[in-house]
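Reader: I have a chain open on my screen and would like to talk it through. Could you take me over it, with the cut-offs as they come up?

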Amino acid sequence: MNQPERQHQNGRPELARARIRHGLTQEQAAELIGVSTTTWARWERGEQRMRPVYRARLGQAWQAEGIEVERWLEAASPACDVPGDDRVDELDPVACEADGFDQLWRWEMDTSRRHLLAALPFASGLLGEWLLAWRYDATPGSAARHAADAGGSQVGWSDVQRVHDAHRAFTQMDHQFGAGLVRPAVTDFMNSTLAPLMRGRYSEDVGRALMSAAARVSRTAGWMAFDLGAHGQAQQHLGQALKLAKQAGDDLTSAWILAALAQQACDLEHGRWAIRLASAANEAGQRSHASPRVRALLQLRQARACAVATDPEQPNPSARQQVRNLLAEAADTYTATMHDNDPPWIAAFGPAELAAEAGYCWQRIGEHQLAADHAEQALAGFASGYLRSIQFNQVHAANARLDMGDLDAALAHARPAVLAAKDLTSARARAHVRDFATHLTARHRDHPQAREFADYLRAELGN
């Protein structure tokens, strides 16, 4: 893989010109796709080859076709052979060892870099690397050994509990208000409170517990970036969370993180990757002897992935049956009673969420009556503090009713979803209701109620 690359006297001038046209320094261009300035400079000088994953990232970041990226990478005036190592100085946050874990968190607090993180494209190629590392790499030695000789403060169980308490508060606020309101507090907590703890001194057991807690917080930071539509930024936090969970030897938290990555892949219509990630999440759940509630959640993620991977234009009976089987398994597995081995994060997965997840899957495979029934069951069951989940299911019920030909019922669900999207700081909430409007227009372009709803949506949310 690390084949020697020929050095070039004039380097890659087209790559440099493309960067300048985008108004970026070498440092900014490097940060945008997750490598060091040194690596970027070597690319421009023609001293190092660019791996496929970074070619894809570059094309996505600069909205260029693959052939254009290849043109930028053409170099001039070949000279002598030099060794090239495409891993040198890369700053992929997920590849960092324990002493570099907080680099991504520092970037979040740097106003000159934060916007570059938010602009990172989602790179599906990274998922394969992460899955291979999670499944086959040896579990890293605990950071306790790294931190044993550190000069930081002594860290104990009360500090770990403080991280869990903060995480619980952040999660509840996210459910109620959307990610935009609370995410800045999460990233500040990671940088100002969590990072110093991880650089402190602690025992082996405390170190593993701290790494596990850090994985959960990083997962939540990623989930919130996902809710805000910053998919590359979300992917980086989720990938880092997966590495921290592996370092902690925590398969249960790994399952939760992999399930989040699977849902992101679903929302971005990467069906095959969603299936792989959801299967890995189920594997991690089995290794950790997950509770019935957790197993039901993981089965639903597999059902969602299979539903998304099913082409609605070319129905596949066996794929649809697989979705049905997984939904039935999840319903049979789920228990409303919390078990002693239930992690705190599964508490939010109540009967309403079970119905909501199933409803989404039924809609994706064209079972609109079942989709509507489940979405409306979820709406009847959600507590008032779960405003975003309520809004999502209002839209899901509206889409299902629309596909059943019941325009009045669809609009009755959609109108309050518009107001909820206005109150939530959630890009997903707004995207869902706009997608419904597109669906409505496609089916009833000239209907007065459809035009009225489009006007109402513009008045409330703007263009």
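Author: Of the contacts in the protein chain that join residues at least 6 apart in sequence, 76% are between residues at least 24 apart, where a contact means heavy atoms within 4.5 Å. This is a predicted model, in which local features need pLDDT of at least 70 and side-chain atom pairs count only at pLDDT 80 or more, while totals for chains, interfaces and linings use all residues. Residues are numbered from 1 along each chain as its sequence is written, and side-chain values use heavy atoms, with hydrogens and water left out.

Reader: What pLDDT does the protein chain average?

Author: The average is 86, and 89% of the residues score at least 70; pLDDT is the predictor's confidence in each residue, from 0 to 100. Over residues 76–99 the pLDDT is below 50, although this stretch has 73 contacts in the model beyond near neighbours in sequence. Residues 143–148 also stay under 50, with 14 contacts beyond four places in sequence. Where pLDDT is low, the predicted coordinates should not be read in detail.

Reader: How many helices and strands are there?

Author: The protein chain comes to 23 helices and 2 strands, taken as DSSP runs numbered from the N terminus (helices H or I, at least four residues; strands E, at least two). Buried residues make up 53% of its 463 residues, where buried means under 20% relative accessible area, exposed over 50% and partly exposed in between (1.4 Å probe, protein chains only).

Reader: Let me jump to α16; how many of its residues are buried?

Author: Helix α16 is mostly covered, with 16 of its 18 residues buried. Its end C-alpha atoms, in residues 292–309, are 26 Å apart, which agrees with the 26 Å that 18 residues should span at 1.5 Å a residue; the expected span is 1.5 Å times one less than the number of residues.

Reader: And which residue does Arg304 form a salt bridge with?

Author: Arg304 pairs with Asp267, the closest N and O atoms being 3.7 Å apart; a salt bridge is a side-chain nitrogen of Lys or Arg within 4 Å of a carboxyl oxygen of Asp or Glu. Arg304 lies in helix α16 and Asp267 in helix α14 (residues 251–267), so the pair ties together parts that are 37 residues apart in sequence. Arg304 counts as buried at 6% relative accessibility, whereas Asp267 is partly exposed at 26%.

Reader: How many salt bridges does the structure hold?

Author: The structure holds 28 salt bridges. One of them joins the side chains of Lys422 and Glu460, at 2.9 Å from N to O. That pair links distant parts of the chain, with Lys422 in helix α21 (residues 407–423) and Glu460 in helix α23 (residues 448–461), 38 residues apart. Salt bridges that share partners also join Glu14, Arg17, Glu68 and Arg71 into one network.

Reader: Switching to histidines, is His237 buried or exposed?

Author: His237 is buried, with a relative accessible area of 0%, and lies in helix α13 (residues 231–248). Leaving aside neighbours within four places in sequence, its contacts include Leu104, Trp105, Glu108 and Arg183.

Reader: What about Ala397, which residues does it touch?

Author: Not counting residues up to four places away in sequence, Ala397 touches Ala375, Glu376, Leu379 and His413. Ala397 lies in helix α20 (residues 387–403) and is buried, with a relative accessible area of 0%.
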